[in-house]
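Hi,

Here is the structure I promised to pass along.

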Amino acid sequence: MISSVNFGSDIRNFIFIFVVLLVSSQLVQGKVAKIINLKDYGAVVGGQVDNSQVLLKAWADACNWKGPVGYGSQLLIPEGVYLVQPIKFAGPCNGPINFRNRGVLRAPPGSTHADHWINFQYIDGLTVDGHGVFDSQGQTVWQKTDPSQLPTAICFDFVTNSKVQHTKIINGKTTHFAIFGCENVTMSRFSISAPEASPNTDGVKIAYSKGIKLLDSNIGSGDDCVAMLTGSNNISIVGVTCGPGHGVSIGSMGSSSNFDQVTKVTVQNCTFMNTSNGVRIKTWATKHRGLVSGVTYQDIYMHNVDNPIIIDQNYCPEKDCPKGNSHVQINDVKYVNIKGTSRAQYAVNLQCSATNPCNVELKDIRLTDSDPKAQSVASCSNVKGTVSGIEVPKSCI
């Protein structure tokens, strides 16, 4: 017969072993075997003292640490505000590396005459997380400095098999997050925030990269929430809320003699709130050739959006632009189950090239005017394709 005393002891032993195994399992799954705490390197909180050099030293130790195969290190930034000058975290590293920001990294005010504020490059297996904040302090320069002279807040250059999650980026001086030359990068449960009036503050900008996923996140800015530039391939944007901002854009394309190309894009289960555009493709009217193909916009809600669905092949953000027909071919573009309200008359506006007509599919479009007394309209030029299901406004194809 088992006594109640022994039985209770057995239960406690079982719980202890279970907890140990659970923690061990989590450590194995996370594959973090070495934690490097920025506090141990003499970092100073308060946002007044530059911490760039101690942060670089901590990064070097984390990047160079070599543990068991498959295990990596964690650079931990504790709670507090840390002033950081423009900085570059370069690889390759000896294993996976976790940049865990639990504090606030703050850029210096004003212009720094650098291309990037925080730049991660040539790293495989990077994770940026920690529920912390990257504050670029863009409000100190938005109305004073030429945006072309300002740094991108965070940039991934040639980063592979990596992820960003539980991270907040605020007040970019220009673009908040740039992804260039990367492969298999997933950004999830992150937020980007800047006022609607902040100029050129794109949320996420992607170029020459493939296998990029933006999931379950919120982006509000003074420019495109997401901009996919040439070389973007196999891009998924799912569960993202955009607003304020200029929407989710492909392009602009066709401004240079290179063959611009964006292919295999999915934008799904996204919400657009009070944005100046919804889903947009924009190309210059030049003779430079290019391609946009394999694009699906599906299950999207628009609330009070200018230009919910727009293709603009006469894109002209300047006073003097080339005159003619765009030579960027747009084909295999699908718009499926897009609904909501448009604050502009043209809820569907497809202005394509006479030289290279667009080929699109419209299915179940329900976009009414934000003004109950007005009626939304569709406008098409040089468009081929198919239409099915409910079409509000009436299709122009």
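C155 is buried, at a relative accessible area of 3%. Keep in mind that this is a predicted model. The closest cysteine sulfur to that of C155 belongs to C182, and at 7.3 Å it is too far for a bond.

Now for the bonded ones. The count comes to 5 disulfides, and with the bonded cysteines numbered in sequence order the pairing runs 1-2, 3-4, 5-6, 7-8, 9-10. Three of them are worth a click:

- C63 and C93 have their sulfur atoms 2.1 Å apart. The pair links helix α2 (C63) with the loop between β4 and β5 (C93), 30 residues apart. The link is left-handed, with -105 degrees about the S-S bond.
- C225 and C242 also form a disulfide, with sulfur atoms 2.1 Å apart, and this link is right-handed at 80 degrees. C225 is buried at 0%, and C242 is buried at 1%.
- C380 and C396 are joined with an S to S distance of 1.8 Å. The torsion here is about 50 degrees, so the disulfide is right-handed. C380 is partly exposed at 24%, as is C396 at 29%.

Q351 is partly exposed, at 23% relative accessibility.

Cheers

Notes:
Residues numbered from 1 in each chain as written. Predicted model: local features only at pLDDT ≥ 70, side-chain atom pairs only at ≥ 80, totals over all residues. Heavy atoms only, no water. Buried < 20%, exposed > 50% of the residue type's maximum accessible area, 1.4 Å probe, protein only. Disulfide = S-S within 2.5 Å. Helix = DSSP H or I, 4+ residues; strand = E, 2+ residues; numbered from the N terminus.
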